[in-house]
Structure formats: structure tokens, C-alpha cells
Amino acid sequence: MKTVPVQDAVGMVLCHDMTRIVPGECKGPAFRKGHVIREEDIPALLEIGKEHVYVLNLEKGTIHENEAAERIARAAAGPGVSLTPVCEGRINFQASPGLLDVNVEALTRINSIEEVVLATMHNGQQVTEPRAVAGTRVVPLVIDESKIERVEAICAEYPYVVGVRPFIHHKVGLVTTGSEVYRGRIKDKFGPVIRKKFSQLGSTVMDQRLTSDDPSMTRDAILAFIAEGAQMVVVTGGMSVDPDDQTPTAIRSTGAEVITYGSPTFPGVMFLYADLGGVPILGLPGCVMYFRASVFDLVVPRLLAGEEVTREEIVALGHGGFCATCDVCRYPVCPFGK
């Protein structure tokens, strides 16, 4: 750090903020710490009374924090991610709708490099509208360029470090079971909830069909949807352990492979996930209708983003699978399912 006349400071880096005050109008930074002084900045500096400035002279092999952040961000960003302009040494990663995909191994390697910071939201985060999901910067005002080169080398080993898997539009068949609904004794409340959830994820419910407690009727409705081009079928109702709850029986009778019946999540224990020739068939418990966040929100977005969900991954949901039932639900920005 040294003091130099403003006319000699072009290309050098300011070491502190410089305030501009106009009485009755404004008070704020005219130039921020880290700004690289340009020829056109000299008149403005003189206007605020700065004939000399404290600057940082970059030595060979070092780079400014802004350039470091830009290089890290460009190297780490993947599809579905845009970058904000650098501000006070930091760049944010803006995600478009989809499923946040973070390479945790690469992320850990990057953050193991001293003075380098890349922070993200949890992998698998559901993004339904554009938002910031990660940020990067370096700790000092200037950093050894070799450290940024190491970051770039790590990023080059992977397709990307922070990206978004877009939700793929699916045509979804909805089967609602239960003789009480089928015969009109009570009004179905599942349909509007399911339609809204799929709409937010960029998919469409083709139709909703009601069936009685007869498992063969439910089976035929599932198979009819698949024959008509459904890329996913969800079945609501009849998922408990009561003797007359026959939805699991109906799903099995389609010939589908049951990946799991039961999920270590509250809400969502009585969840069934099966696959019939590449078409997911989901048995949804009643909690999906009442809770903003449930097992539906932990599994369905991943399927719509083209991910394969295994039994082992369902089992792993137990760690974080207990919803805290907060007074105000902020899912997906919460620990549920993480």
C-alpha cells in the first residue's frame, strides 16, 4: 500500500471506500475499495477533494479480488446458472427453475484451497423461480494467481460444479381412489393440490379419474393412463394400512416394480414408488394434501428433472426427513429432506 497523486494512480487498486457528499442530496461511496482507477476517474476524484489516494500495487503473480471471483465463477458455473456482476469482490450464481445440482466433491476440493470461498445452497434444492443459489469470492484484496489456477484446474475435471437440471414437462395421470369419493358422498380435495404442485414444476395433469376401493378398477385406470401417453401416474387415497386401503395392491397388480413402499419421512411415511417400463407410479399418502412440504416435494422434483431415485436414496431421506412443522413454512429453504 502506498500514497500516490491521483494523476499517477491509473491502473492501481483503491485500498478503501471513498465517500461523496452532496448536502441535502446524497451521501455514499463514490468509489469502493478494490476499484481499479481509470483515466476517466481522475476528475471525479479531484472533485471530492482527493489529490492523493491510497492504492495497492499488484505484484507479478497476484490478481485483484474482483478478477479472482470472476474466474472462479466462470470456471464453476454450469447450465441453468447466470452470474451477477461482481460487487465488493463477490459474485452470486443465479439459478433458473429446476433442480439445483451441486458437485459436492468438487466444491469441497475448491474450498480446501486457502483464501478461496465458494458457498452453495444444498444439493437437490427445488428452484421454482429464479433465485441466487451460490456465491464466490476470495478472502484477501489480492490473491496469488496460482490459487485461482488450481480452482480452474479442479473445475475442468468435471462438467460443472454448480448447475441446474431443468424440470422436464411430463404428462401426468391422476387416479383418486376411495368409494366415498367415487360415489359422491364426499368431495375430492386431492385433485386441486396435485394440479397446483405439478403446475409449479412445469408439468400438466392430463386428467383425474375416480375409482372405488376395488383394486382391479384402480389398476385399469393406471394402465389406461399409460396407454394414453402418461409419463407419470400418481394415485391418491387408500395408502394406509387399513384392510380396505387397496392402492398398494392395485399398483403391484399392474406389473410395476415397487422401488419402495414406505419412506422415512414425516410427513410421508406411507409413500409408494414403483416403475412400469420407465413410467413412475406414485402412491401418495394423505399428508400431501395437507402439508406444504412432504415426501412429494423431496422425490417428485428429482424425477421431473430426469434423475433416477433409488431405494437407497429414499432410505437416506431419514436424516433430515422429520419436518419441524414451523408456524410459517419456508420450504424449500429449510432443513427438511436435506
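In strand E20, Leu-284 is the bridge partner of Thr-236. Helices (H or I, at least four residues) and strands (E, at least two) are DSSP runs, numbered from the N terminus. This is a predicted model: local features need pLDDT of at least 70, side-chain atom pairs count only at pLDDT 80 or more, and totals for chains, interfaces and linings use all residues. Residues are numbered from 1 along each chain as its sequence is written, and side-chain values use heavy atoms, with hydrogens and water left out.

E20 covers residues 279-284 and runs parallel to E17, joined by four bridges. Two strands pair if DSSP finds at least two bridges between them. Strand E15 (residues 171-177) also runs parallel to E17, through five bridges. Here Gly-173 stands opposite Val-233 of E17.

How many residues of strand E17 (residues 232-236) are buried? Five of the five are, so E17 is largely enclosed by the rest of the structure. Buried means under 20% relative accessible area, exposed over 50%, and partly exposed in between (1.4 Å probe, protein chains only). Met-232, Val-234 and Thr-236 point one way from E17. Val-233 and Val-235 point the other way.

## The four-stranded antiparallel sheet

Four strands form an open sheet in the order E7-E8-E12-E10, with antiparallel pairing. Strands E7 (81-83) and E10 (116-120) stand at the edges. Each has a single partner strand, so one side of each is left without a neighbour in the sheet. Neighbouring strands are turned by 20° against each other on average, direction ignored. Axes are lines fitted to C-alpha atoms, for helices over the stretch in contact, and angles run from 0 to 180 degrees between N-to-C directions.

E10 and strand E12 (residues 131-138) are joined by five bridges and run antiparallel. Thr-120 stands opposite Ala-134 in E12. Strands of a sheet pair through backbone hydrogen bonds, either parallel or antiparallel.

Helix H2 (residues 65-76) lies across E7, E8 (91-95), E10 and E12. H2 runs at about 130° to E12.

## Helix H4 and its two neighbours

The axes of H2 and H4 come within 9 Å and cross at roughly 10°. That makes H2 roughly parallel to H4. Angles under 35 degrees count as roughly parallel, over 145 as roughly antiparallel, 65 to 115 as roughly perpendicular and the rest as oblique. H2 brings Ala-68, Arg-71, Ile-72, Ala-75 and Ala-76 to the contact (heavy atoms within 4.5 Å). H4 brings Glu-145, Ile-148, Glu-149, Val-151, Glu-152 and Cys-155. By class, these residues are seven nonpolar, no polar and four charged. Ala, Val, Leu, Ile, Met, Phe, Trp, Tyr, Cys and Pro count as nonpolar, Asp, Glu, Lys and Arg as charged, and the others, Gly among them, as polar.

H3 (residues 104-111) packs against H4 (residues 145-156) at an angle of about 170°, with the axes 10 Å apart. H3 and H4 are therefore roughly antiparallel. Ala-106, Arg-109 and Ile-110 of H3 meet Val-151, Ile-154 and Cys-155 of H4. This contact has five nonpolar, no polar and one charged residues.

For Cys-326, the nearest cysteine sulfur is that of Cys-323, 6.6 Å away. Cys-326 is exposed, with a relative accessible area of 52%.

For Cys-334, the closest cysteine sulfur is in Cys-329, at 6.1 Å, too far for a bond. Cys-334 is partly exposed, at 26% relative accessible area.

Technical notes. A disulfide is a pair of cysteine sulfur atoms within 2.5 Å.
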